[in-house]
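This briefing looks at how two chains meet and at a few places inside each of them. Please read it alongside the sequence and the coordinates.

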Amino acid sequence: MDAPPSVEGAAMVESRSPGRDDNLSRKPPPEWTRFLLTNEFGLIALILIFATVFALGTPGFSSPFNLFTLGRTMAIDIMIGFSMMVVIVTGGLNLSVGAIGVCAAIGCGWLLEQAGMPVLVAIGAALALGAALGALNGFIIVRSGLHSFIITLATTSIYFGLMLFLTRAAAYRNIPADMSAFGKMRFAGYLSPLLFVSVVAGLLLAGLYRLTPLGREILAAGAKAAAAELSGVRVGRTIVICHALSGALAGVAAIMVVARTGAAIPAMAGNLGQDWLLPAFLGPVLGGTLLAGGRASVLGTFLGAALVSELTNGLLQFRVGEFWVQSWLGLLLLLAVLMDLARRSFLAGRGV
Amino acid sequence: MNPLVSRLVRTDWFGPLIVIVLATIIVSLFDPSFLSPFNIQILMLAVAVNCVIAMSQMIIIGIGQMNLAIGAIGGLAAISFAGMMQIWGLPPLLAAAAALALGVVAGLGNGVLISKTGISAFIITLASLSIFKGANLGITRAQPFYGVPDSVKAFGNTTMFGPVPWLALPAALVIAAIWYLLYRQRIGRYILAVGGNQSAAELSGISVSRVVLWAHGVSGFLAALAGVMLVARLQIGDPTIGDEWLILSFAAPVIGGAVLSGGHVSVFGTLFGVVIVAIITQALVIFRIDPFFVQVVLGLLILWAVGVNRLREVRVQRMLKRA
């Protein structure tokens, strides 16, 4: 998903020297034209185009209440996307984001309702549970040397099964009023505070990758594990940290769901938490995070997930049938990867 | 070591077989009714459907890929099968053939996208999973089709002879056909060659994209067949058919010694993997352990199996080094 290769864009691409790195080119194009060619710009353009189409085409899309609900779903989808992104950066994946999320939500519900804990303590404990389950994934992956796909597939089944076994599939519906009030809170009539949580999480993640040595070690380990190991990065440790972070972010997303619905329900993400899988991959893939690892686009994931929530909401407003929405999202994922492929071969054909 | 024993130990199916024998002995000591004809019939019904599901994934593991969409293809085929009989009044055989054809087309679609674009099978099948699942829900509006003819219901719920259910027949045919395909047909050898080392296979003149198409076509066919069998078994075209296949479809081949990076799968190992899962599920019921615990056991089985496979791999590599 990129800005359409306009005439100016193509000319600019040609004017670059064969050197791939911008520092090597003779006349680096100005910062803002380079931005026009990025994935992120393409996503912003698409978000604005669709917003216009939906706002003009349906009466309900731009109503304050719809914008508020859209913001809440968007905030959660962005969090789920981040939760997968931090693992994709290592070149792996985490199928258990949904299962970990549900475990964290149910753990939070249990602590609030059965143990009578204060809200902040329960949230903290639920996030710690998410991080611990994620870290366990990472630990097994590093120790066994097996691919994260099969390990997280197995732990999805274990985590979700244990959660159902321990709670007898019971839901916790007596969530304290403070927490559901946060989910219902509105600023200026249409802004949900949940969106601020996602923005803060995004800023922290961007800071992690850009400013801290740990973030650079994670990127290096994801790009080329053997080379990173030789230059002194403890690759195993970075993988465990990334999976723990993924678990914690899945926990944040799950607690946002609890705040929104006012209940912790085992079925909130479908069987085995599978319903989170598609949003989890849509955000990062649309946002240009490489599945091979080594590159993270926090802004891209944010915008990708935002676009997906916007499209879902808009399609529902157009009444294309709520049951078909999943098919449209699947087509969108397919279209996104195909367009990314086309963009790459277009750029390669131009010798860039 | 006795040469026969050492040969048996090296096969993929011997370990799972020992586990099956031991588990059967232990469970039937606690509850003799475990070996009653009725219970064996129930076990065989579960094994019949699950082994078709497992074969559908196994063939894709063989080429070193994964197919997340088998449940969605099976579900779509299942509701199409039931829907064509209920709404269009098609005879069961014609409806089944159309549903199986739909499965093949869906599988080929995956195969074309993967081999033409070079995008990872994970992403392509994740996308097609939601396309098919959305189509399923869009067609059924999440309501089952109830108009399944009696002949189909009878096929799914009566026995051929003794405790052997009719559903075991398609399952047995599938096992025989996949065995013949993988070990006696050129395309089967190609499938394993591509899974073992894609560039080497390409260089020795194998058309990788044709092999990928074949594997995904077969996988789609088997997923659809499992869906059709489940309609006969459950007596309704339930839109949730296929939702729970993913974990099992990986567990059974992996227990049967399949290497996830491709090139090595075992038909009988996979079959025995399915049997192990069925016995454990039954044992949990017999010992009155919460049925939710099946999920936990399945996950632990996968971890255990990939661990054992890994150890075997390391041992073989050591033996090769010494030789």
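What follows goes from the interface to the nonpolar core and then to single helices and residues. The model is predicted, and every value below is computed from it.

**Interface of chain A and chain B**

- The contact draws on 39 residues of chain A and 40 residues of chain B.
- Of the area that chain A buries against chain B, 17% is supplied by F149(A), I150(A) and F323(A), which is more than any other three residues supply.
- Four residue pairs, with both residues at pLDDT 80 or more, are in polar contact between chain A and chain B.
- On the side of chain A that touches chain B, the elements giving two or more residues are α6, α7 (148-167), α13 (277-286) and α15 (325-349) of chain A, and the largest share, eleven residues, comes from α7(A).

**Largest nonpolar core**

- The largest nonpolar core holds 203 residues, and among these F122(B) and I178(B) touch the most other members.
- Helix α11 (residues 208-234) of chain B contributes 15 residues to this core, which is the largest share.
- Once neighbours within four places in sequence are left aside, F122(B) is in contact with L93(A), L95(A), F149(A) and F281(A) from chain A, and with M66(B) and L68(B) from chain B.

**Helix α8 of chain A**

- Which residues of helix α8 (residues 177-184) of chain A are buried? They are M179(A), S180(A) and G183(A), and because they cover an arc of only 90° around the axis, they lie on the same side of α8(A).
- An α-helix has 3.6 residues a turn, so residues three or four places apart point the same way.
- A177(A), D178(A) and K184(A), on the other side of α8(A), are exposed.
- The cover over the buried residues of α8(A) includes α4 (64-88), α5 (97-113), α6 (119-144) and α12 (235-261) of chain A.

**Helix α12 of chain B and S249(B)**

- Eleven of the eleven residues of α12(B) are buried, so this helix is largely enclosed by the rest of the structure; among them are W245(B), F250(B), P253(B) and I255(B).
- S249(B) is found in helix α12 (residues 245-255) of chain B, and S249(B) counts as buried because its relative accessible area is 0%, where the cut-off is under 20%.
- The side chain of S249(B) reaches the backbone oxygen of L246(B) at 2.8 Å, and, not counting residues up to four places away in sequence, S249(B) touches I53(B), A54(B), Q57(B) and I70(B).
- Just after α12(B), G257(B) takes a positive phi of about 90°.

**L90(B) in a loop of chain B**

- L90(B) is found in the loop between α4 (70-87) and α5 (92-117) of chain B.
- Is L90(B) buried, exposed or partly exposed? At 24% relative accessibility, L90(B) counts as partly exposed, because that class lies between under 20% for buried and over 50% for exposed.
- With its neighbours within four places in sequence left aside, L90(B) is in contact with M84(B), M85(B) and A95(B).
- L90(B) and I59(B) are 31 residues apart in sequence, and their C-alpha atoms are 31 Å apart in space.

Definitions and conventions. Residues numbered from 1 in each chain as written. Chains lettered and ligands numbered in written order. Predicted model: local features only at pLDDT ≥ 70, side-chain atom pairs only at ≥ 80, totals over all residues. Heavy atoms only, no water. Buried < 20%, exposed > 50% of the residue type's maximum accessible area, 1.4 Å probe, protein only. Helix = DSSP H or I, 4+ residues; strand = E, 2+ residues; numbered from the N terminus. Arc of directions from axis to C-beta. Contact = heavy atoms within 4.5 Å. Core = buried A, V, L, I, M, F, W, Y, C linked by side-chain atoms within 4.5 Å. Polar contact = N/O pair within 3.5 Å; in protein donor to acceptor, adjacent residues only side chain to side chain. Buried area = accessible area lost by both parts, 1.4 Å probe.
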